[in-house]
Amino acid sequence: MPVDPQLLEILVCPACKADLEVVRLDTATAEALVAKYRDKFRDEEPVVEEGLRCASCRKTYPVVSDIPVMLVEEALPAAE
Ligand SMILES: [Zn+2]
């Protein structure tokens, strides 16, 4: 399920308050995030396919089972 466009409209980067865009995560990144979040989803396998990338600082916030994780400390660092 894609991120709700209305939700996306009100979300901003918690680090710099810039707009976010939906990006598809590469397989290795997605698998690493599934492993990371599995402990928090005891009854079901987390689904990680997309992230929200900041237009300004380029951090990417993972979307885990349709829930955007808007925490700076959980963000993927900007790719180079
Ligand atoms: Zn940012």
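## Overall size

The radius of gyration is taken over C-alpha atoms, and the globule rule is 2.2 Å times the number of residues to the power 0.38. With 80 residues, a compact globule would have a radius of gyration near 12 Å, and the chain agrees because its own value is 12 Å. Along the principal axes, the C-alpha atoms fill a box of roughly 35 × 30 × 20 Å.

This is a predicted model, in which local features need pLDDT of at least 70 and side-chain atom pairs count only at pLDDT 80 or more, while totals for chains, interfaces and linings use all residues. Residues are numbered from 1 along each chain as its sequence is written.

## Helices, strands and sheet

The chain has two helices and four strands. Both kinds of element are DSSP runs numbered from the N terminus: helices are H or I with at least four residues, strands are E with at least two. From the N terminus on, the order is α-β-α-β-β-β.

The four strands form an open sheet in the order β1-β2-β3-β4, with antiparallel pairing; two strands pair if DSSP finds at least two bridges between them. The edge strands, each pairing on one side only, are β1 (20–24) and β4. Helix α2 (residues 27–38) packs on the sheet and touches β2 and β3. The direction of α2 makes about 100 degrees with that of β2. Such angles run from 0 to 180 degrees between N-to-C directions, with axes as lines fitted to C-alpha atoms, for helices over the stretch in contact.

## Core and contacts

Buried residues make up 20% of the 80 residues in the chain. A residue is buried if 20 or more other C-beta atoms, placed from the backbone, lie within 10 Å of its own, exposed if 12 or fewer, and partly exposed in between.

A nonpolar core is a set of buried Ala, Val, Leu, Ile, Met, Phe, Trp, Tyr and Cys residues joined through C-beta atoms within 7 Å. The largest has 10 residues, including C13, L20 and V64. The elements giving two or more residues to this core are β2 (48–54) and β3. Leaving aside neighbours within four places in sequence, C13 is in contact (C-beta atoms, placed from the backbone, within 7 Å) with A18, L20, C54, S56, C57 and K59.

## The loop between β3 and β4

Two bridges join the antiparallel strands β3 and β4, and V64 stands opposite I67 in β4. S65 is found in the loop between β3 (60–64) and β4 (67–68), and D66 lies in that loop too.

Most residues other than glycine have a negative phi. S65, however, has a positive phi of about 45 degrees, and phi of D66 is near 70 degrees. S65 is partly exposed, with 15 other C-beta atoms within 10 Å; D66 also counts as partly exposed, with 13.

Notes. Two residues are in contact if their C-beta atoms, placed from the backbone, lie within 7 Å.
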